[in-house]
Amino acid sequence: MNFTVTSKGRQFDRLGLMYLGDIEVFRTSTAEPTSNGIVWTYIKEMDQYEFLWKTEQKIIFDLGNLIDSTYTAPFDTLLTATFFTVANTKPAADQILPISARRSVDNGPSAFSLPSDNASVTYQIPQNAERAIVSLSACGQATEEFWYTNVYNSEVNTFADQIGALYGHSPFREVQLLIDGQIAGAFVPNPVIFTGGIAPGLWRPIVGFDAFDLKETEIDVTPWLPLLCDGASHTFEIRVGGLNDDGEGKASLSDTVGSSWIVTGKIFLFLGPEGSVTSGTPPMIDTPQPLITIDSQITTNSTGANETLSYTTVYQRYISVSSTIKTSNGTTYPTFWKQDFNFTNTNIISSQGVSQFTDQHFRSHDLSSSGYTNSFDTDLQINSTFSTSPPDTISINAIITRGISSIFLGPSIFPSPLQQLEPNPGIPNPRNLYLYARPQPYPVIIPPTLPNFIGTHEFTVQTGIASYFSGPNRSTSTGELGQTFVIKGWERRDEPNDGTE
């Protein structure tokens, strides 16, 4: 899928969602244009939706925008799809079910908006399902766009006299999948900083991680199949939670957050022979209460006014779901889905609320009995100052460093680029890839001795500094950003050590 956009004038960044019917297949955002105009292209692999492409689909692309005397730029967009006749060597889902508001019948977008919506659906899962994966897409908007800088509810008015109330529900968020009211998996969303975020000068021309392709998280719900294949209706629900604090140093996971979170999901089903029934033992769910530690301090100046607010949040979570499955051919095998993650966030708000330092670290590990594993580490540091003095002006200065290290192994619903290069008997060797960049395509030869990759290790770091000023009849923005990106393949070898980097 090729998404090309041109824009000229002044405009905020905007969120865009593409659907095939009720199913979200692409979530992106826009760059902020200039007076001279800009153009960008993003190319996205979509072979995981093979089931949908086999039948006629209604394409809905939702890109909200506002045009007035100040914000003058429309977005001229072009979506094109290229289909290949070469057989896909990776097994594709036999059925995909949406976890969405299902508004395509009215030509509307199908995302839920939390916390105002009830993000749940009910299905009778085919009784011959032998593997099931749920993918979730979620991002914060409005008061939740910079959730990792928010404060505890008991301290939202710390600087009310100077800058007004702060956004609450803590600097922690957890996106959860529930099946019949029981937690089946969860994740802490990776902060997505859009092209107007923190300081606009940071993101020209390099955009922040995932800004053009917001990543989804997958949860293996195969251990639930002995329950889901019983012929009854079952509920799938998406929730987003933060933390509620008591003002005395204790906190618990909340069932609501601020406005708003845009969420959808999909259920990928892999079916056995028609007429067969998958059975087994009921899922055993081991989800201890998360370990939550919070600490905060407020200092005052010589006048008694609040001067600084510092607070630290630590969150640890473990989830395990397991069962034994019996398929149509009589095969019995154990299945499991396990997750553990550790989240730490420290914020220091100083100068009576106009300066803020954020330091966040997140480590997670997902493991499935299918052989899929995902180890994800992310770090984020932001130092920013916001001022509205003199009157009718806005000035922002910001420094940012952020990094991601992710290791994927095994049968992911969303394979990495290196996994896509696995030897394919339907493609003659050597093979050509065409990298579409101006002024014309550049061919890359893939040798016939290409290793058989079973996964990837991706590592990337961004470091930048920027400033922004807006006053009567003028605004200026400057900045610089550097990025390092490394991708390595995990190769399958016929040795005792199966995976080597």
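Predicted model: local features only at pLDDT ≥ 70, side-chain atom pairs only at ≥ 80, totals over all residues.
Strands here are DSSP runs of E with at least two residues, helices are runs of H or I with at least four, and both are numbered from the N terminus; two strands pair if DSSP finds at least two bridges between them. Strand β1 (residues 2-7) joins β4 through six antiparallel bridges, and Val 5 sits opposite Trp 40 in β4.

Now for the loops. Leu 114 and Pro 115 are linked by a cis peptide bond with omega about 15°, and Pro 115 lies in the loop between β8 (112-114) and β9 (120-123). Another cis bond, with omega about 5°, links Arg 204 to Pro 205, in the case of Pro 205 within the loop between β12 (182-187) and β13 (217-220).

Arg 102 isn't a glycine, yet its phi is positive, about 55°. Its loop runs between β7 (95-99) and β8, and Arg 102 is partly exposed at 36% relative accessible area. Ser 170, in the loop between α2 (160-163) and β11 (174-179), also has a positive phi, near 80°, but Ser 170 is buried at 0% relative accessibility. Buried means under 20%, exposed over 50%, and partly exposed in between (1.4 Å probe, protein chains only).

Residues are numbered from 1 along each chain as its sequence is written. Local features need pLDDT of at least 70, side-chain atom pairs count only at pLDDT 80 or more, totals for chains, interfaces and linings use all residues, and side-chain values use heavy atoms, leaving out hydrogens and water.
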